[in-house]
Amino acid sequence: MQSQPARPLLAKSPPKSGPLPGAVTLRGHTALVLSAADELLAHRAEASLRAVGLPLDLAGRLCALVRLGAAVHDLGKCSDHFQALVRREREAPQLLRHEALSLWMAWPGQPLASWLGEAVRTENDLCLAVVAAASHHRKFWSEAMPDDDAGAGSSIELLMHHEDFHATLDLIATKLGLRSPPRFAEPLRITASRRGHPKDQLDAWQKDFERRVPASSLEARLLSVVKALVLDADVAGSALPRAGERAGWIGAQLSQRATGDEMASVVARRLGGRPLRPFQEAVAQSRSALTLARAGCGSGKTVAAYAWAARQHPGRQLWLTYPTTGTATEGFRDYLPGTEVSGRLEHSRAEVDLALLDLRGDAEGNR
């Protein structure tokens, strides 16, 4: 009697019917996240370092860390618990969340560590990348495991022997320029008992990491940037396929930047020939990282913000945030339609507001 072929390893919930999209498989999702990471790094690596005051000569190191973090971020989804959960075949929580399992496989001394370590300069950098991967849902590691009485069971298996896991490792090897990855003949079982608990191991690794990377160190600041970019790459790699967007969308969006003259034209159009008020002029001249303007409603704070962007940050993207969706829509309507500035209204009912106010054409022209 022939054995049935193993079911594909999934990273996302599959459709209830029809063919299985590549984007929901572990290999397919990993490829998309790596691609998103490369686009983000091409457009934002140096800007991200500059934003937190880190030297730009760290750009190469940052790229290596982000790409490795993106590569391993979901490897822990190869567990039998996650595969049952994503197929709606399991109601109990997982013994360990997938982020913790990705770290479990890649931490120094673990099965993938020596191979993955070739992608970075040092073992400490491997730890930085793996911690960034484990943090991409911001639940590591305080929420990595459920309570003991949650019904998760006492063991979990990592299906590292699965052909799809091997295919994902092959993809990572190609993308990161690594030698052929290790092959595994059987799953890796992790158990929780009175004699030994995964929580104890995670606690030990946390203490090890805190010794390696003190909170006040340059590496800790670099880690914050790596975490943000890995998280962004995962969000983009997950959302863009569902939205029907193609490769290059990230770069196209990040390349849209208004010149100082274009920003100034928004100010001039709004003022209608009048000069800036004294507080608006003061804001426009501010070179501080943070400027607080205290002024009443309707006094022209948004004009001041555009004037500040035109003078202090020409050629960079500008985000204007408002306290409510209604004021956000009003801000978009009052300033951008009819100008050359590429802008977009973003909130939960933006499409409805654009249709009601007959601004859809303006929005399309200002994206």
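Contact here means heavy atoms within 4.5 Å. This is a predicted model, where local features need pLDDT of at least 70, side-chain atom pairs count only at pLDDT 80 or more, and totals for chains, interfaces and linings use all residues. Residues are numbered from 1 along each chain as its sequence is written, and side-chain values use heavy atoms, with hydrogens and water left out. Below is a short tour of contacts and salt bridges.

**Two residues and their contacts**
- Leaving aside neighbours within four places in sequence, Lys-301 touches Phe-279, Ala-293, Ala-295 and Gly-296.
- Lys-301 sits in helix α13 (residues 301-312); helices (H or I, at least four residues) and strands (E, at least two) are DSSP runs, numbered from the N terminus.
- From Lys-301 to Gln-280 the C-alpha atoms are 7.1 Å apart in space, while the two are 21 residues apart in sequence.
- Lys-301 is partly exposed, with a relative accessible area of 35%; buried means under 20%, exposed over 50%, and partly exposed in between (1.4 Å probe, protein chains only).
- Gln-94, in the loop between α3 (80-86) and α4 (98-106), is buried at 10% relative accessibility.
- Beyond its neighbours within four places in sequence, Gln-94 is in contact with Ser-79, His-81, Phe-82, Leu-85, Pro-146 and Ala-152.

**Salt bridges**
- A salt bridge is a side-chain nitrogen of Lys or Arg within 4 Å of a carboxyl oxygen of Asp or Glu, and the count by this rule is 19.
- Asp-74 pairs with Lys-77, their closest N and O atoms being 3.0 Å apart; Asp-74 is buried at 1% relative accessible area, and Lys-77 is buried at 5%.
- Glu-123 and Arg-212 meet in a salt bridge of 2.8 Å, N to O.
- That pair links distant parts of the chain, 89 residues apart, with Glu-123 in helix α6 (residues 123-134) and Arg-212 in helix α8 (residues 198-212).
- Glu-123 is partly exposed at 45% relative accessible area, and Arg-212 is partly exposed at 22%.
- Another salt bridge joins Arg-183 and Asp-170 (2.9 Å, N to O).
- Arg-183 lies in the loop between α7 (163-176) and β2 (188-191) and Asp-170 in helix α7, so this pair ties together parts 13 residues apart in sequence.
- Arg-183 counts as partly exposed at 46% relative accessibility, as does Asp-170 at 31%.
- Arg-61, Arg-121, Asp-125 and Glu-219 are linked in a network of salt bridges.
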